[in-house]
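Subject: Structure handover

Hello,

Here is the structure I promised to pass on. My notes follow below it.

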Amino acid sequence: MADSTDGARKFRTSLLEDATGDGHNPTANPTMGEIIARRFARRAMLKGSLAVSAIAATVGPAALLAAEEAKAAGTSAFVFPEVEAGVDAEHHVAEGYDAQVLLRWGDPLFADAPEFDPANQSAEAQRRQFGYNNDYVGFIPMPDAEDPSAHGLLVVNHEYTNEHLMFPGIVTISGGEIEVAPADQKRVDIEMAAHGGTIAEIRKVDGKWQLVRDGQYNRRITADTPMLISGPAAGHDRMKTSADPEGRNVLGTLNNCAGGVTPWGTYVMAEENFHGYFGGELPAGHPEAANYERMGVPEGTYEWFKFYDRFDVSKEPNEPNRFGWVIEVDPFDPASTPKKRTALGRVKHEGAESIVAKGGQVVFYLGDDERFDYIYKFVTSGTYDPADRAANMDLLDEGTLYVARFDADGSMNWMPLVHGEGPLTAENGFASQADVLIETRRAADLLGATKMDRPEDVQPDGRTGKVYAMLTNNTKRTDEQVDAANPRADNAFGHIIEIAEADGDFAATTGSWEVLLKCGDPSVAEVGASFSTATTENGWFGMPDNCAVDSAGRLWVTTDGNSPDKTGRTDGVWAVDTEGDARATSKLFYRVPVGAEMCGPHFTPDDQTMFVAVQHPADGGDDWEEFGRPSYYEDLSTRWPDFDPAMPVRPSVVVITKQGGGKIAV
């Protein structure tokens, strides 16, 4: 999700300011900047690494050997000719690789679905077509596939909509003033149908990936899809509405950013900035007032509340409590009802990546994407059974949610958010575990969790026992919150934290931590970046957002917020070394067109295909000096991916493969 000052989503600045602002966390808990300052002041650098806790069955020995040889030689574990950083209307991938547009906004997903017609779009058509602003991308092999890396289900989140890029006539400019047309019923219905997620069968044919348009598992999930509420908050009074007096059923999902795939092959969607979809005003003295203020509700950026009462808090004051959850979908049962798994807490979720711990529990790592908010993990009570998929289907309803506290000596603690423990009692307004989960942020405040600089994707590495947390930025951090050892008070470029769980056990409640990278231009001394000296002028980046660890344990990072005015480059995919003498070396592998955000990445099990998602191409504002104007439907800075004057720009999923085949970056 972009900062409000970035090129992204210029016509939704109020939503972005709240999405990344500091106004919703008033606690005195120490910020990550303060902790890092103390950490570096003591020079207590960690050495060594944890023992390997698990190696995925898909890890190839050649890839592991190559990575280990690179580490021993002090060279980068990534082998590819680096892309030149810059800004233009195209996308660019490393020489020797192909970047194929696989699915675009509006592409039909079913045999009977209509072809995309931007001049005559309808909600009915959109519900049968690929949605907008693809963010998380996951791949689940088909159970009966001859080659599990060449045939599977692509699962994709559709985070939000950019109406000024989707619809003609939304934006007019007169005398230098920008005017945005008010919403109408038809447009709102199309927007709602463009949200949610897509499940699409894909397969590789003659070396090229393609959609299986008549795939039996193809499915669209939207803002109107019926869902169940499960776990501790299901049926609670604070979850009940006039349309759902039992508090167990809800329509749809909103603002799905990153996500995950479980070990048993379900698709996990994470609701992030849901606050912008609610308008109206709570009745005076309403008991949810403080809860909603902490979450930034109601923002009213989207105008859906003018057409649907459930988004108007004056009419349905409990409806916002039904969003901000992690949702689990069975992609192999198109008739199944998605479930909002309330045991994982209610925050502005960025991702829900999981891994099996030593004891068989499944651990989910969760970021809450707002300045001064927290990193969480959830550990299931039950254990994963690889021989019985059905036995795993409700693991997410029981377990313990933890929030992270990072200490100055390099240690960390995962503190449980459990009703009745510590301050999480009725005296502090928590009458049950449901209350703790509905107000996860306030519970974490009371526990003294460490304020972070916009926690986004958090990715475990089963090969090393490490965990990588992307912290995108925090331009609100002041001088008073840091010291001389960490001059990044105005943290415009973000950083990456590396966590080592105790004894390599992802279910552990203690561990240690280190800063892997402080991002930004290393040639500018006052930025304080810490890339390796081996990183070229193309290799550094700012604003880390999503990430993936491939089967050889190599870290890939995508970014959100690089732009001509901030870094002189677009967003992209960077390969980051985490081990050996090459540690903190970074190389640019793929970059997006002007105005776009880079989401994903995700690999097939054999590491021969990388899936990435390009969001909102052309969404550059008037600060993009090279293009000199705001970008909207009639006047675009790029027409990627079609480059057809009759077509708008279209967010798309791109597949990257090596020419002639083989593992990526080996």
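Which helices and strands do the buried residues of α6 pack against? They pack against α4 (123–126), β4 (151–158), α5 (163–166), β7 (196–205) and β9 (219–221). Contact here means heavy atoms within 4.5 Å.

Some ground rules before the rest. This is a predicted model: local features need pLDDT of at least 70, side-chain atom pairs count only at pLDDT 80 or more, and totals for chains, interfaces and linings use all residues. Residues are numbered from 1 along each chain as its sequence is written, and side-chain values use heavy atoms, with hydrogens and water left out. Helices (H or I, at least four residues) and strands (E, at least two) are DSSP runs, numbered from the N terminus.

Helix α6
α6 spans residues 185–194 and is mostly covered. Seven of its ten residues are buried, that is, under 20% relative accessible area; exposed means over 50%, and partly exposed lies in between (1.4 Å probe, protein chains only). Among the buried ones are Arg187, Val188, Ile190 and Glu191. Aspartate 184 caps the N-terminal end: one of its side-chain oxygens sits 3.2 Å from the backbone nitrogen of lysine 186. Glycine 196 follows the helix, with a positive phi near 105°.

The four-stranded sheet
The strand order is β2-β33-β32-β31. The sheet is open and its pairing antiparallel. Two strands pair if DSSP finds at least two bridges between them. β2 (97–104) and β31 (597–603) are the edge strands, each pairing on one side only. Neighbouring strands are turned by 25° against each other on average, direction ignored. That angle is between axes fitted to C-alpha atoms; angles run from 0 to 180 degrees between N-to-C directions. β31 pairs with β32 (residues 609–615) over five bridges. Histidine 602 has phenylalanine 611 in β32 as its bridge partner.

Threonine 657 lies in β33 (residues 652–658). Threonine 657 has a relative accessible area of 12%, so it counts as buried. Leaving out residues up to four places away in sequence, its contacts are Tyr97, Asp98, Lys204, Trp209, Gln608 and Thr609.

Aspartate 565 is in the loop between β28 (555–559) and β29 (572–576). Its relative accessible area is 40%, so it is partly exposed. Its side chain makes a polar contact with the side chain of serine 563 (2.6 Å). A polar contact is a pair of N or O atoms within 3.5 Å; within protein, one must be able to donate a hydrogen and the other to accept it, and residues adjacent in sequence count only if both atoms are side-chain atoms.

Best wishes
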